[in-house]
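Here is a short tour of a predicted model. Have the sequence and the 3D view ready as you read.

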Amino acid sequence: MNVGVQFKPEEFPVFIESVRKAEESGFSRVYLVDGQLLWRDIYVYMTHALAATQQIPVASAVTNPFTRHFSVTANVHATLAEIYPGRVMLGIGRGDNAVRTLGLNPVATNQLKDVVPGLRALMSGRPAQFNGSEIRSVWGPHEDVPILMPGSGPRNLRLAGALADVVMIQVGANPASCKWAVDHIRAGAESANRDPSEVKVVAHCAMCISDDMAEARRETRWIAELVAIHVASVARSSTDHGMPEPLTRLAGLRRSDYDYSSHLDDKAERPEYSDDVIDDVALLGTPEDILEKLQALAEVGIDEVAPAYLNGQLEQMEIIGREIIPRALALTGVSGSP
């Protein structure tokens, strides 16, 4: 199992130091969240992250087709991939904070059915369809750029399984919850006549290594609220979602007054979730505690975990690099391979 890392594009010197520490510590990939009203520009920060490192891939995780037209998104990633071959991943979803802070709802899932093939076409130099016209990038074909899609509910997970190279799930870290998500991804891949094993699954998560469980829970409780937001939306929009109990319990804990203007803000007030809820959604405790949970996640089909948001947490990244990553790479899952 691989271990990636997620950062927010903020406090530039801290960000660059964190990206360099991630590469030095052996993380598999850097992911950057997109939110034009909450943080600095994702593409400026992606460019600097790539320039400040030697090998680690960098991904947008994720942008959307509303605030950034898909032709612009394709061009940005193709440009970066031309300069930094093999180190760029494009993440595209319906939009979360980026559209909600504008007072709007995420784009329809069906819209991504056309957007993702359009992105692939433009980045490969092939024509794409837009508004009844054929469009093409004239400077391609470009470096092959893998596409990542996020998902929390059945429709998005299945669509991602049908279209994406990598799927980032936001359902916490309970093996039953992750298996539910993986099953939908595999079903989506099979419906598109794809080999499900070729679609890699990344679990967006919170991680804190500490012997002090109270401290670890304080550091990771934000993930409970984030997952609750997503699964509550799934519960409202789909009566036959089939979510396992750990997710339906979280859906019932979602705050109705969630303020997206403080989304992922470290200083924002958070609900006091119970210990068992936090333990269910986060990776926390000693290295042995975390590795035991990673093995369980590998066994249900998780290929990578991506702890967020570790800006400035250099000591944690060093510990993860020393105590977790080498041993996580040896974990085997359902495929029988690391």
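## Around Val305

Val305 has contacts (heavy atoms within 4.5 Å) with Met1, Asn2, Val3, Gly4, Val202, Ala203, Cys205, Met207, Leu283, Leu294 and Leu297, leaving aside residues up to four places away in sequence.

Residues are numbered from 1 along each chain as its sequence is written, and side-chain values use heavy atoms, without hydrogens and water. In this predicted model, local features need pLDDT of at least 70 and side-chain atom pairs count only at pLDDT 80 or more, while totals for chains, interfaces and linings use all residues.

## Nonpolar cores

A nonpolar core is a set of buried Ala, Val, Leu, Ile, Met, Phe, Trp, Tyr and Cys residues joined through side-chain atoms within 4.5 Å; buried means under 20% relative accessible area, with a 1.4 Å probe and protein chains only. The largest has 107 residues, and Phe7, Met149, Ile169, Leu294, Ile302 and Val305 have the most contacts inside it. Helix H9 (residues 222-237) gives this core its largest share, nine residues; helices are DSSP runs of H or I with at least four residues, and strands are E runs of at least two, numbered from the N terminus.

## The sheet

Nine strands make an open, parallel sheet in the order E1-E13-E10-E9-E8-E5-E4-E3-E2, where pairing takes at least two DSSP bridges. Strands E1 (2-3) and E2 (5-7) are at the edges, each with a single partner strand, so one side of each lacks a neighbour in the sheet.

## Cysteines

There are zero disulfides, counted as cysteine sulfur pairs within 2.5 Å. The sulfur of Cys178 lies 9.1 Å from the closest one, in Cys205, too far for a bond. Cys178 is buried at 0% relative accessibility, and Cys205 is buried at 1%.

Methods:
Buried < 20%, exposed > 50% of the residue type's maximum accessible area, 1.4 Å probe, protein only.
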